[in-house]
Amino acid sequence: MENVVAKMADNLLDPKAPLFKCLKENPPAWWEMLKNDPELYIDVRKDNMVMVYYQGGRVACLTYKRGRGISAKTHSKYVGAKSDKEQEIAKKLDAQLLTVIKSNIRANYSQKSDKDIQEKLIQGECVIRNRNLYLDSEFAHRRYVNQNHTIRIDLVKIIGDEIIFEELKKITDNRLRTTKGRPEIIEQMNAYREFILENHKVLEDYYKNLLRIKIALGLPTPPVHEIDRLHVRLEPELTIFNTYTKLTNDRIKRIQAIDHELQGYDYKIVKY
């Protein structure tokens, strides 16, 4: 069967969902603690969930169940347990437990040398340092019908009336260079462009709803004069973080080669 680009559903977010209503009108005591912690960032997810992150690691996934109220789950290892199952922490989440979770995220996640984890750290730092710019992180949606290929775009920001999708890479990422053919990043950015073009109207509506929800919950958002005027920029951005602490001739040549490969694409190389 030929691959078909999957069009996004138009009902992925409901601003009137019970979770958002409860967090606004009858929030648990720990909700303000999470919102006001400068080390955390909070994202609204499709299917009406809320995710709380620290250094790229997930502190809690918030959902709502009728008759049970708000559920807050985290990975067992983040609360010091050996089980691989997630643990419910809604009834015991306080400043002390949050400190434990942060410590275990550092030990079990963010301090590891894995390149994907390091990119998640950079992603989180971008959001925390620019809360008035970024609206969402780690957008994910199935690319093809009946296949497992998922589109994952690191950040979504708003500048003026534009909703902009931004991919992050470290300068050392092997996907930026190749000795044969085109580097993988070219195919990746082309796939993003095709996905955005195919789904730009639904993406526009999705992020208008997401913005309204975050505003209602008192979460940081980019300044927007009129939500209804927002529209999606069809061209995704690529930001490459130059993590070199010292420039050698080989590193300078690598940067120049990346610049050459990416001519014609919306990208920038910035010092990290």
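**View 1. Overall fold of the predicted protein chain.** The protein chain has 272 residues and a radius of gyration of 20 Å (over C-alpha atoms). This agrees with a compact globule, which would have a value near 19 Å (rule: 2.2 Å times the number of residues to the power 0.38). About 60 × 45 × 40 Å is the span of the C-alpha trace along its principal axes. Six helices and eleven strands make up the secondary structure (DSSP runs: helices H or I, at least four residues; strands E, at least two; numbered from the N terminus).

The model is predicted: local features need pLDDT of at least 70, side-chain atom pairs pLDDT 80 or more, while totals for chains, interfaces and linings use all residues. Numbering runs from 1 along each chain as its sequence is written, and side-chain values use heavy atoms, without hydrogens and water.

**View 2. Burial in the protein chain.** Of the 272 residues, 46% are buried (under 20% relative accessible area, 1.4 Å probe, protein chains only).

**View 3. Lys-169 in strand β8.** Strand β8 covers residues 162–170. Lys-169 is buried, at 2% relative accessible area. Its side chain makes a polar contact with the side chain of Gln-188 at 3.5 Å (N or O atoms within 3.5 Å; within protein, one able to donate a hydrogen and the other to accept it; residues adjacent in sequence count only if both atoms are side-chain atoms).

**View 4. Surroundings of Lys-169.** Neighbours within four places in sequence are left aside. Lys-169 is then in contact (heavy atoms within 4.5 Å) with residues including Glu-119, Arg-175, Ile-185 and Phe-241.

Conventions: Buried means under 20% relative accessible area, exposed over 50%, partly exposed in between (1.4 Å probe, protein chains only).
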